[in-house]
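These notes are meant for a colleague opening the model for the first time. Please keep the sequence and the 3D view side by side while reading the points below.

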Amino acid sequence: MCFMKDKKAMVGIIVTGAVVGLISAVLVHFGNPGNMGFCIACFLRDIAGATKLHSAGVVQYFRPEIIGLIIGALAMAIFSKEFSPKGGSSPVTRFVLGFFVMVGALVFLGCPLRMVLRIGGGDLNGIVGLVGFACGILAGIFFLNKGFSLKRTYSLPKTEALAFPISMVALFLLSLLVPALFVFSAEGPGSMRAPVALALAAGLIVGAMAQKSRLCMVAGIRDVVLFKDWKMLVGFVTIIAAVLIGNLAFGQFKLGFAEQPIAHALFLWNFLGMVVVGFGSVLLGGCPLRQIILSAEGNTDSVVTVLGYLAGAAFCHNFGLAAAAVNGPSINGKIAVIVGLVVMAAIAAANTKKAAR
C-alpha cells in the first residue's frame, strides 16, 4: 500500500513538472518575457509596481498568473478537503525572511522556478544559480538538523484564511475594471505579457496541480539530503526537460552565458543571490511557489511571507537593489545580499538555540 502511494505521488510530481514546463514555454511564446513563463519573484515584483509600491516603470503589471495560482490552489484545497486555516508561527521573522529571499531573487533575477526555466532555455547562468541555491539549502539543512524551528501554528477562523485570496482577486478584478487606478509598463519586461485569459488559465492549472502534488523547488534538494526521498527532485528535473522541449519546439532555446533574456552573467552574484534564496526558503519551509500555494490553502504564515516578498520587491526597486540585465546588481544590491546572509544566519542561530533549550 505504501509503495502504491509513493508511486502515485511520483507520477503526480512528474505530470505536474511536465505541465509546468510546457505551460511556461507556451506563455513565453505568447508574450511573456524570455525564460519567464512563470517566475513568482518577478511576477510579485510586477504586481508591486502595478499597485504603485514602487515606481520602476519597466516592471509594472498585475500578473494574472499569480491570481490563477491562488484561485487554482484554493479550489483544489477545498475540493480535496485540505483547506486548513492556521498561522501564528513567528510572523515578523517570516516577513523578514521573505523580504531577504526577494532581495536574493532580484539580484539573481528570478525565483527558483525561473532558475530551472532559465536552465531549460539554455541560460547557463541558471546553473550557477542552481549551485548557489543548493548551497543555501544545505546551510538551512544544517540548522534544521540542529533543531531550528519557528514554533507551532494555531488554528484560525476561515475568514482569516480567506482574507488574502479574496483581497488579491478583488485587486485583480479592479485592475481590469478600473485600470486607471494602477500603472502598467509601456516598455521593458512589464510590457511583455501573454493574453490575460491564457495567463489566468495557466495559473489556474499550475496552482491546482502544484497544490495536489506539493510541488516545491526547495523540497527537491532538501528531501534527498534529509530523507533520501527523490520524488520532488524528479519533478524538478522534469520541469527542465519539459521546458527544454517546449523551447526547442518554439525556437526559444539559446545556449550560453551572454545575452540571455533578462539575465546577467556575473557569476558571484548569481551564486550568492540564490544562496540567500535557498537558505531563506529552507527556514521558511518552502520556495516562493510553495508559499503562494500554502497561502491559498489557508496558511497565514505563508501570507505574511508573501507580503514580505512584496515589500522586498518594492524596496529593491525603490532603493536600487535589484540587478540590471546588462550590468548586474548595484553596490546597494551586493551589500543587501551580504546583509541578508548575515540576518538569516542570525535568525537561524537564535531559533536553533531556543529549540535546543
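**Notes on pockets and core**

1. About 280 Å³ of space lies in the second largest pocket, where a pocket is an open set of points on a 1 Å grid over the protein atoms alone at which a 1.4 Å probe fits, with protein on both sides within 12 Å along at least five of seven lines. The volume is the space filled by probe spheres set on the points, which are joined across faces, edges and corners.

2. The model is predicted, so local features need pLDDT of at least 70 and side-chain atom pairs count only at pLDDT 80 or more, while totals for chains, interfaces and linings use all residues. Residues are numbered from 1 along each chain as its sequence is written, and side-chain values use heavy atoms, with hydrogens and water left out.

3. The second largest pocket has 20 lining residues, and Lys 86, Leu 294, Glu 297, Asn 299 and Ser 302 lie nearest its centre; a lining residue has an atom within 4 Å of a point. Helix H12 (288-296) and helix H13 (300-318) each supply at least two residues of this lining, helices being DSSP runs (H or I, at least four residues) numbered from the N terminus. The lining divides into 2 nonpolar, 9 polar and 9 charged residues, with Asp, Glu, Lys and Arg counted as charged, Ala, Val, Leu, Ile, Met, Phe, Trp, Tyr, Cys and Pro as nonpolar, and the others, Gly among them, as polar.

4. The largest pocket has a volume of about 430 Å³, and among its 19 lining residues Ile 13, Lys 212, Ser 213, Arg 214 and Met 232 lie nearest its centre. Helix H1 gives the most to this lining, with 6 residues, and the lining as a whole comprises 7 nonpolar, 4 polar and 8 charged residues.

5. Thr 16 also belongs to helix H1, and it is buried, with a relative accessible area of 3% (buried means under 20%, with a 1.4 Å probe and protein chains only). Its side chain makes a polar contact of 3.4 Å with that of Ser 213, a polar contact being a pair of N or O atoms within 3.5 Å, of which one must be able to donate a hydrogen and the other to accept it.

6. The largest nonpolar core has 95 residues, and those with the most contacts inside it include Phe 38, Leu 113 and Met 217; such a core is a set of buried Ala, Val, Leu, Ile, Met, Phe, Trp, Tyr and Cys residues joined through side-chain atoms within 4.5 Å. Helix H4 (residues 91-108) gives the most to this core, with 10 residues.

Methods
Buried means under 20% relative accessible area, exposed over 50%, partly exposed in between (1.4 Å probe, protein chains only).
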